[in-house]
Amino acid sequence: MAVRAAVAGASGYAGGEVLRLLLAHPEVEIGTLTGNSNAGQRLGALQPHLLPLADRVLAETTPEALAGHDVVFLALPHGQSAAVAERLGPDVLVVDMGADFRLKDPADWERFYGSPHAGTWPYGLPELPGARAALEGSKRIAVPGCYPTAVSLALYPAYAAQIAEPEAVIVAASGTSGAGKAPKAHLLGSEVMGSMSPYGVGGGHRHTPEMIQNLGAVAGERVAVSFTPTLAPMPRGILATCSAKAAAGVTAESVRAAYQKAYADEPFVHLLPEGQWPATASVHGSNAVQVQVAYDEAVGRIIAISAIDNLTKGTAGGAVQSMNIALGLDESTGLTTIGVAP
Ligand SMILES: NC(=O)c1ccc[n+]([C@@H]2O[C@H](COP(=O)([O-])OP(=O)(O)OC[C@H]3O[C@@H](n4cnc5c(N)ncnc54)[C@H](OP(=O)(O)O)[C@@H]3O)[C@@H](O)[C@H]2O)c1
């Protein structure tokens, strides 16, 4: 019997991407779609690339509209998920693509989001140690942020192998869809085209505590993270350049061996052949992650670089991959590692 899935926030970028993936998922039937300001609109007017759903009309985002499904995806602004989720009942699989249930420490949540902490759900980054076991059979999933996905997958093998010191410096470029579909002046084509710019400099970006949480859990100690995001003139993609001081005795060979071990059996994360570097264009529209690593002997630092599509592996693909695990389906069902190029 098909899994019936509803999507709240179907008019947004993350909601649109999860619908694109669910349309290709052989086990899923798409049920109710909801919006906020766009409730009452045809989906075809808002997401014209989702042709098979063009005549669906968006309902208001209420627990009543979302009831009666096996899975509910919440692609809503942060702070909106808890009130909906608590009224969906414990038997429904709720997959939250927002930030509300990602952080374990309420103090981190309150500092970065300025509201009471809603709780912590099993974390939807299956590649992290222990994550698959926590997702199996779970009825609640917190899908990671896009930057923490890229950064955690670039750096966790170094901490798992204990070859890196607990401080990391990260500069990552993101396409503009990472900021959502709501109009904002700094995201106008005229502002973004032909230009790159930093934002959230100096530790202010909300994804920083999530990176510290993930890397610290693997390292077994707090990892200090300096994170600088930049906005790149492209609609999709994240390129994360991460570096950490190497532990004593590290060599180029031991660094490569750590990454080969971590990713030998992963269906979506690919350690590239030596000399080949990740590129966002190669993972456009796919759930693949490209990773490359080097040891810069002159400064004693490990440099790890990853590329993801922020909307696919960075949110909707990670959500579907985690849903598959929670439902006992093959983890790769409905997902592709094939990108769109050029
Ligand atoms: N974009 C990414 O790359 C990305 C990556 C990872 C995680 N996420 C997370 O995914 C969530 C959605 O992001 P997005 O990029 O899709 O944003 P978006 O394009 O701005 O879409 C937001 C969606 O939420 C709806 N919405 C807005 N205010 C609402 C409210 N008060 N109550 C209920 N629904 C409301 C909107 O409906 P209307 O359009 O009908 O008003 C729209 O469907 C966010 O929590 C974001 O952090 C996004």
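Begin by selecting proline 342, which sits in the segment after α11; helices (H or I, at least four residues) and strands (E, at least two) are DSSP runs, numbered from the N terminus. The peptide bond that joins alanine 341 to proline 342 is cis, with omega at about 0°.

Before moving on, note that this is a predicted model, in which local features need pLDDT of at least 70 and side-chain atom pairs count only at pLDDT 80 or more, while totals for chains, interfaces and linings use all residues. Residues are numbered from 1 along each chain as its sequence is written, and side-chain values use heavy atoms, with hydrogens and water left out.

Next, select glutamine 162, in the loop between α7 (146–160) and β7 (164–174). Its phi is near 55°, a positive value in a residue other than glycine. Most residues other than glycine have a negative phi, and most peptide bonds are trans.

Now colour the two domains, domain 1 (3–143 + 313–327) and domain 2 (147–310), whose bounds come from an automatic or database domain assignment. Their C-alpha centres lie 24 Å apart, and 27 residues of domain 1 are in contact (heavy atoms within 4.5 Å) with 31 residues of domain 2. About 2300 Å² is buried between domain 1 and domain 2, with carbon and sulfur atoms giving 53% of that area; buried area is the accessible area (1.4 Å probe) that two parts lose on being put together, summed over both. Select Tyr13, Phe112 and Lys313, which supply 29% of the area that domain 1 buries against domain 2, more than any other three residues.

For polar contacts (pairs of N or O atoms within 3.5 Å), pick serine 37, where a polar side-chain atom lies 2.6 Å from an oxygen atom of the ligand, and then serine 11, with a side-chain N or O atom 2.7 Å from a ligand oxygen. At serine 177, a backbone N or O atom lies 2.9 Å from a nitrogen atom of the ligand. The protein covers 81% of the 900 Å² of accessible area (Shrake-Rupley method, 1.4 Å probe) that the ligand has on its own.

Terms used:
Polar contact = N/O pair within 3.5 Å; in protein donor to acceptor, adjacent residues only side chain to side chain.
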